[in-house]
Amino acid sequence: MLVGITSEGELGENIAKFFDKVIVITSPQKVLEERPDVVIHTFEIPYLEANNNRPLAWNINTWYAINIGRAANRVKAVNVYLSTFMIFDGKKGYYSETSTPNPINYYGLTKLVGESGIMSLGNYLIIRLGLLYSMQYKGLLFPFIKGILRGKRAIRCNSNFYVSPISMNEASEIISLMVKKELRGVVNLGGKRKSLYEVCKELGEMFEVEVIPTEGKYYDFSLDTWLLNSLGFSVRS
């Protein structure tokens with residue numbers, strides 16, 4: 001199996017570790033020349049940057065992904081698009097693969113439209129990631145992690161904000177297994193429902209940082225992972 005990834009960034013590098021033959025896709029033309037069996041859309045403008053640079057986020061998360069996807073479709077490659085829990089509005093929680101999207105930030109909007117474009121091509125796997133985190137990933141947790149790295153000894157986190165967290169390493173491993181199993185359709189990928197405060201507290205304990213709960217605005221972006229579990233996957237993080 002020849003796997004194409006659209007970026008050599010942190011997520012792309014982590015996923016690439018689980019495959020024997022990997023190439024970096026930099027353009028639709030590269031797809032047509034190399035003819036990979038699978039294209040994993042690892043190139044994205046993450047949450048923090050996307051909301052601050054909307055044109056760039058739309059160009060990469062949406063149009064670039066769709067154009068790469070069209071080329072992949074021409075060579076009969078599977079498009080694996082990595083989406084996000086932020087395509088939802090956080091009013092309900094436990095969102096399933098069939099829940100109605102309603103993004104409330106620009107990052108979520110770019111990912112939702114990217115999803116739609118890839119779906120329209122057929123032969124796809126859409127993976128909706130829960131709260132993805134690492135020490136470098138500029139997602140929702142990055143301000144907290146940046147505070148730790150800058151030496152803060154006490155940090156506040158919202159105890160009314162619920163998510164389905166998953167580490168970068170574990171997400172990469174499960175994504176690779178899904179690809180190898182030749183799954184198709186839409187699948188949620190995240191850990192068990194936790195408040196943002198609980199997630200921050202677990203990380204804070206690793207670095208001896210005090211985490212103080214605050215009662216901010218209520219959101220529940222947790223994902224229903226029944227399908228994930230029924231397919232034989234379980235999340236440790």
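Predicted model: local features only at pLDDT ≥ 70, side-chain atom pairs only at ≥ 80, totals over all residues.
Strand β8 (residues 161-163) and β13 pair in the parallel sense over 2 bridges, pairing being assigned if DSSP finds at least two bridges between two strands.

An open sheet is formed by 3 strands in the order β11-β8-β13, with mixed pairing. Its edge strands, β11 (194-195) and β13 (219-220), each pair on one side only.

## The loop residue S7

S7 is placed in the loop between β1 (2-5) and α1 (10-16) and is buried, with a relative accessible area of 17%; buried means under 20%, exposed over 50% and partly exposed in between, with a 1.4 Å probe and protein chains only. Leaving aside residues up to four places away in sequence, S7 touches G12, T42 and F43, contact meaning heavy atoms within 4.5 Å. A polar atom of the S7 side chain lies 3.0 Å from the backbone nitrogen of G9.

## Helix α6

In helix α6 (residues 142-149), the buried residues are F142, F144, I145, G147 and I148, and they pack against α3 (47-52), β7 (154-158), α8 (196-207) and β12 (210-214). Just after α6, G151 takes a positive phi of about 90 degrees.

## Basis of the values

Residues are numbered from 1 along each chain as its sequence is written, and side-chain values use heavy atoms, with hydrogens and water left out. Local features need pLDDT of at least 70 and side-chain atom pairs count only at pLDDT 80 or more, whereas totals for chains, interfaces and linings use all residues.

Methods
Helix = DSSP H or I, 4+ residues; strand = E, 2+ residues; numbered from the N terminus. Polar contact = N/O pair within 3.5 Å; in protein donor to acceptor, adjacent residues only side chain to side chain.
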